[in-house]
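Here is a short report on one protein chain. Have the sequence and the 3D view open as you read.

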Amino acid sequence: MYYKNQLYALCEGGPPIAINLTTLETQSKYTFNQQLKSAFSSHPKQDPETKEIFNLGISFGINCELYLMKINSTDNSLFTKPIPFPEDLLAFIHDFAITEKYMIIPVSPYYVSQWDLIKSVMGFNTVGNSFKWYNNSNSHFIIVEKDTLDIKSVIEVPPFSAYHVCNAYDNIDGSVSVFIARHKGPREALENTFRNILHSEFTQNMQCEMVKYDLDINSNTCTTSKVVASDAKGMEFAVINDVFLGRNFRYIYSPAVSAPGYFNHYQKIDLLTEKSIFYDLPAGCYGNEAFFVPKKHKAETNKDVASPCNEDVGYLLTCIYNSNSHCSEMLILDATDLSYVGSAKLPHHVPYSFHTLFVENTT
Ligand SMILES: [Fe+2]
């Protein structure tokens, strides 16, 4: 996260950690003037219009709580509110979406029982290794008012597993649509792979498909759910032009793979035409998350100005791993047609599957 001219490293289990942008040195924890009452999770969302930042985080202990957060854009104050977990069990919640009105928090039935939580607090196991998939439970969408952080609706749907939410928006009829990278296979097999990642294989069951859920907040029901763009390849780390965060949007970008293994393509999904286009990485090269950076034009003031109306006019910046040289490379693609723009070789490799962030040099 880049906030108030400071880079922060984020994780599920603690506060933001300030990082020196030049030296990458770890500096200090940031607690929003001691207002932070929980962890500050890794996927905060900034509303493109109000500039408010929303996030969630868990306060760990015998009785864990899920805190919602809103950072005021003018005075930078932090407003927090705890809400109950579905099923009253500690759930693994990694990401959420915002619309103009709501925070939308998907919760999979991947929980820690109270007994396992006590054992992990006592040091007999890690919290991460205490999660289990609850076969007889459903998934939930918690819909929260952005203004008050009060729960508006909780909608139960058939169980699904996901880490990342792509985007969401309000519909004219008051319903909301949410786009989620849903795992094709069971969660626990994927988690076991992460536990032994150097000696595991990523099967197609561990890839995601992009699914759109339409949620009726008044009746607390999911009216439809469907996989978008049937020609899309297996994916994770789906991103959009953030100008359209929480708004009706058209394009999704992600690393992609059509066979077991690591991401060897990038894809652009057009939600209007339901068609996808692809960029194929060279043999032995594997993709990570990309970041959409809007293309700028020279305005009359001779100042660079982004073109927010043209959703797919920009660049995808990403870091790929080249297994031939055991080094990473920065790769830039044109976001309109996924054509190659340029690349820069790094003298070393960057650990695979980091999220990405673009920080503009304004000096
Ligand atoms: Fe993530």
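Is N76 buried or exposed?

## N76 and its surroundings

N76 counts as exposed, because it has 12 C-beta neighbours inside 10 Å. The cut-off for that class is 12 or fewer. Keep in mind that this is a predicted model.

N76 sits in the loop between β7 and β8. Not counting residues up to four places away in sequence, N76 touches K4 and I71. I53 is 23 residues from N76 along the chain, and their C-alpha atoms are separated by 9.3 Å.

## The sheet around that loop

β7 and β8 belong to an open sheet of four strands, in the order β5-β6-β7-β8. The pairing is antiparallel. The edges are β5 (45-46) and β8 (78-83). Each has a single partner strand, so one side of each is left without a neighbour in the sheet.

Inside the sheet, β6 (residues 53-59) pairs with β7 (residues 65-71) over seven bridges. I53 stands opposite I71 in β7. I71 is also one of the residues that N76 touches.

## The whole chain

The protein chain has two helices and 30 strands. Its C-alpha trace spans about 55 × 50 × 45 Å along the principal axes. The radius of gyration is 20 Å. A compact globule with 363 residues would have a value near 21 Å, so the two agree.

Buried residues make up 33% of the 363 residues. Residues 24 or more positions apart account for 50% of them.

## The largest nonpolar core

In soluble globular proteins, nonpolar side chains tend to be buried together. Here, the largest nonpolar core has 76 residues. I104 and V178 touch the most other members. Strand β16 (residues 162-170) gives the most to this core, with six residues.

What is I104 in contact with, leaving aside its neighbours within four places in sequence? The partners are F96, A97, T99, F141, I143, A168, V176 and V178.

## A second open sheet

Another open sheet has four strands, in the order β10-β11-β14-β15. Its pairing is antiparallel. The edge strands are β10 (97-98) and β15 (151-157), and each pairs on one side only.

β10 is joined to β11 (residues 102-107) by two bridges. The bridge partner of I98 in β11 is M103.

## F131, a buried loop residue

F131 lies in the loop between α1 (114-121) and β13 (132-133). Why does F131 count as buried? Because it has 22 C-beta neighbours inside 10 Å. The cut-off for buried is 20 or more.

Leaving aside neighbours within four places in sequence, F131 is in contact with F92, Y110, Y111 and V112.

Strand β17 (residues 176-183) runs antiparallel to strand β18 (residues 208-216). Eight bridges join them. V176 stands opposite L215 in β18.

Y213 has S225 in β19 as its bridge partner. The hairpin of β18 and β19 has four residues between the strands. In that hairpin, N220 takes a positive phi near 55°.

## Strand β21, largely enclosed

Strand β21 (residues 251-257) has seven residues, and six of them are buried. It is therefore largely enclosed by the rest of the structure.

β21 pairs with β20 (residues 234-235) in the antiparallel sense over two bridges. There, G234 has V257 in β21 as its bridge partner. β21 also runs antiparallel to β22 (residues 265-270), and six bridges join these strands. I252 stands opposite I269 in β22.

Notes:
Residues numbered from 1 in each chain as written. Predicted model: local features only at pLDDT ≥ 70, side-chain atom pairs only at ≥ 80, totals over all residues. Core = buried A, V, L, I, M, F, W, Y, C linked by C-beta atoms within 7 Å. Contact = placed C-beta atoms within 7 Å. Pairing = 2+ DSSP bridges. Rg over C-alpha atoms; globule rule 2.2 N^0.38 Å.
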